[in-house]
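Visitor: Can you walk me through this one? Keep it short, please.

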Amino acid sequence: MPVARPETSDARVIAHVDMDCFYVQVEQRKQPELRGLPTAVVQYNEWQGGGLIAVSYEARKCGVKRSMRGDEAKAACPEIQLVQVPVARGKADLNLYRSAGSEVVSILAKSGKCERASIDEVYLDLTDAAESMLADAPPESLELMDKEVLKSHILGISRKDGDDFEESVRDWLCRKDADRRDKLLSCGIIIVSDLRKQVLKETEFTCSAGIAHNKMLAKLASGMNKPAQQIVVPYAAVQELLSSLPIKKMKQLGGKLGTSLQTDLGVDTVGDLLQFSETKLQEHNGSNTGTWLWNISRGISGEEVQGRLLPKSHGSGKTFPGPRALKSLSNVQHWLNQLSEELSERLSSDLEQNKRIASTLTLHASAFKSRDSDSHKKFPSKSCPLRFGVTKIQEDAFNLFHAALREYMGPFGSKPQGNKQETWRITGLSVSASKIVDIPSGTSSIMRYFQSQSTVPSRSVDGCVQDHVVTPSASEGCSEQISTETQAAVIPEEDTGVTYTLPNFETPDKDVDLVSEKVSALSSHYSKAYNKPFLEV
DNA sequence: CATTGCTGGAAC
DNA sequence: GTTCCAGCA
């Protein structure tokens, strides 16, 4: 992310909207009796009461923190309500929170350019809306100001004057001698206050927001007063804000990069960066990161709000910690089947709701070797063209795993060397789908085809959690060329005469038009995705 | 090798 | 294409 981008010439109005302890709010909406109680959302609960992933502000008051175990939270706050995330196919199912996040996005997206930054965070570019308001109905012209607007925070204006504070906010918003930048931000405050009100009304969720001239400052601000509050960062307040800000509070500097700035350059606050020349920062951090650091220390960040309302990838994963580590291929296959099922379900939803489809399937795993010195070796990731349909994804995921496992184990495979059996343990598996493209418009039958592929087949074999010997056939049939060719059907394309091989294409019906439509849609889809014909023969 | 399960982005 | 980093529920 640290990549240099200069500020654009004209002042923008950018908002960052962040839902308050989002998963807790989602659960409290479902179970309103939990509202106002110290509440946390936990994943699983068998081992030490599960892991906390979201904590209400009531619970935070008694010292409950995210990443605590459920048992710890109970000890710190005996009256805490622990809600479990739903489980499906033996793993945490986050779909409830994903769709709640989508509700919020679809409300906020009406206001202007909108970027879904995470499941519960959104950036808005409100420049146009603010300019319109400034031209048509500037704050100073308003007879009555919404009461919520006056609860806004203004960085640089003291808040402790309790009673007349709201009056000072009104004064600031309506100053006639303010410069244009401040006036635009004032409009931003009113717009965002209204949006937050709308979100609350339509979803029952509260959120906090930061309003500033760029994404970095808006994001920084949204976290300063939570929950259910908003704050603006006027241009005049930027220097002071950054000068004393601990470097680790900045997005992107909370990890190793921030640590290296502290230890290598003695930089503790963003202001400390100001004394270094751009060249010096580049020498220590590379040219992109160096320029980026030079800019952000001055509050400069030209990153644009991407008009993107949907995620760029889908993933489904699970860890197998400690003694739960997987040690047989059939157990790995079982879990890959579960993960692939969930992934496939989400791909089907994406297709149905958004008319788009992923084109790459990737498998990630983490592993260690027992009884071996270099047990720290990374388990390689593998990807292949994505074929739509549960069983295909399951098949490909397993083949990718197999290819990666061979690489991980080296040329001798799992053959015993001497007496000791060199055995692998899998501690994490995930399958993900990326490079999502829109389905060409005017092809509804391709959708019907994909949808016909997306049914979960009923299988009796599926409950094989216990380890057992793997059949030889399961270990064969995969190499560099994954399995895509084995069941391929070759379909000639009418116009060009070029022939494509479509993996596992069963031509389920005799409708010629339907088939050719599938082919042209698929081939253009894959041509775009891979910049070459898909598996040309 | 007990936070876990996601996302996005840049480096390589 | 793969790896690593980072952030956040």
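**A buried glutamate, a core and a DNA strand**

Guide: Glu-121 is found in strand 8; strands (E, at least two residues) and helices (H or I, at least four) are DSSP runs numbered from the N terminus. This is a predicted model, where local features need pLDDT of at least 70, side-chain atom pairs count only at pLDDT 80 or more, and totals for chains, interfaces and linings use all residues. Residues are numbered from 1 along each chain as its sequence is written, chains are lettered from A and ligands numbered from 1 in the order in which they are written, and side-chain values use heavy atoms, with hydrogens and water left out.

Visitor: Why does Glu-121 count as buried?

Guide: Because its relative accessibility is 15%. Buried means under 20% relative accessible area, exposed over 50%, and partly exposed in between (1.4 Å probe, protein chains only).

Visitor: Which side chain does the Glu-121 side chain make a polar contact with?

Guide: That of Lys-219, at 2.7 Å. A polar contact is a pair of N or O atoms within 3.5 Å; within protein, one must be able to donate a hydrogen and the other to accept it, and residues adjacent in sequence count only if both atoms are side-chain atoms.

Visitor: New topic. Which residues touch the most other members of the largest nonpolar core?

Guide: Leu-108, Leu-124, Leu-173 and Ile-211, in a core of 50 residues. Such a core is a set of buried Ala, Val, Leu, Ile, Met, Phe, Trp, Tyr and Cys residues joined through side-chain atoms within 4.5 Å. Helix 7 gives the largest share, nine residues.

Visitor: What about a second core?

Guide: There is a separate one of 40 residues, including Phe-320 and Leu-361.

Visitor: What part of the DNA comes within 4 Å of the protein?

Guide: Sugar and phosphate make up 81% of those DNA strand C atoms. One phosphate oxygen is 2.8 Å from a polar side-chain atom of Lys-256. Another contact involves the backbone: a polar backbone atom of Gln-252 is 2.7 Å from a phosphate oxygen.

Visitor: And where does Arg-66 come in?

Guide: At a base. An N or O atom in the Arg-66 side chain is 2.6 Å from a base nitrogen of DNA strand C.

Terms used: A residue is near a molecule or strand if one of its heavy atoms lies within 4 Å of it.
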